[in-house]
Amino acid sequence: MTGDNNWFNSDILASVLKIGIFDDEEIWINDIKEKCKKILNEKKCQYQLYEYSSSEELLNDDTELDLLFLDISLGNDELDGIELSKIIARQHRVWRLVFVTSYEDYVWKSFGPVTLGYEKKPITENAVKHYFDLAVFEKKNNIIVWFDEYDLNTYIRFNDLLYIEGEANYVLVKTREKKFMVAGNLKYWEGKLKELPLVRVHRSFIVNMVNVDSINNEVIFNESKERLSVGKAYKNKAYEKYKNYIIDQLKVDI
């Protein structure tokens, strides 16, 4: 695995866009890499490119990728791209992926919740741009969040999320319409969802600022009668973070 960096002011993401390219043939890695560089430089993005030529390299790297171009047929590798995609999906390390393949008969069983699509080699520059735009749009708008890949009940739209409540080694996820329990303590999920507009207001609660009307001694939601207590130790930081979030939203709307 190698990293290739280029730093620009980004109009697309505030953070660095992390792109992975997986193929067992260097010619195809270089082909996609050059197309990525051209498009991302034109967009003036901050980005990092990561190259992988074996499943071992990818699985041993803990980088969280925004987009992964993944070859389905991996030559002598023990895993094929489809099996590998299932493993990395369970690790929640890849936001979206695109299969790049010469074998269309694989495609029917390739699609999963993180898969944007598939392209035959060589992938075109327009296709690369299309998948960048899709992945960035989805991440920026946080369209779908899933807490357990194998339980469709835990797939939610981020804007529907109200709060997450810690209960020992599990959390209760509360949305506008439903609630469910998933494994992992509150600290774990706070780390996993750190890129989203969430704020810790209590040792037991993380709330979605998108759905909050105000934060003071209580959290008041804009479309729910439910209220949550704000812990004394969290009050000042929570209020400050929420205030900055509102200011940022006003800047966007101007």
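**Confidence.** I then marked residues 2–14, where pLDDT stays under 50. Where pLDDT is low, the predicted coordinates should not be read in detail.

**Salt bridges.** K38 forms a salt bridge with E42, with the closest N and O atoms 2.9 Å apart, and both residues lie in helix 1 (residues 26–42), four residues apart, about one turn of the helix. I noted that K38 counts as partly exposed because its relative accessibility is 40%, whereas E42, at 52%, counts as exposed. K38 also meets the side chain of E125 in a salt bridge (3.0 Å, N to O). E125 lies in helix 4 (residues 125–141) and K38 in helix 1, so this pair ties together parts that are 87 residues apart in sequence.

I next looked at D133 and K43, whose side chains meet in a salt bridge at 3.0 Å, N to O. Because D133 lies in helix 4 and K43 in the loop between helix 1 and strand 3 (47–52), the pair ties together parts 90 residues apart in sequence. I also recorded a network of salt bridges linking D23, D71 and K121.

I traced an open sheet of three strands in the order 14-15-16, with antiparallel pairing. Its edge strands are strand 14 (212–215) and strand 16 (227–229), each of which pairs on one side only. Three bridges join strand 14 to strand 15 (residues 218–221), and I found that S214 has I220 in strand 15 as its bridge partner.

Methods: Residues numbered from 1 in each chain as written. Predicted model: local features only at pLDDT ≥ 70, side-chain atom pairs only at ≥ 80, totals over all residues. Heavy atoms only, no water. Pairing = 2+ DSSP bridges. Helix = DSSP H or I, 4+ residues; strand = E, 2+ residues; numbered from the N terminus. pLDDT = per-residue confidence, 0-100. Contact = heavy atoms within 4.5 Å. Salt bridge = Lys/Arg side-chain N within 4 Å of Asp/Glu carboxyl O. Buried < 20%, exposed > 50% of the residue type's maximum accessible area, 1.4 Å probe, protein only.
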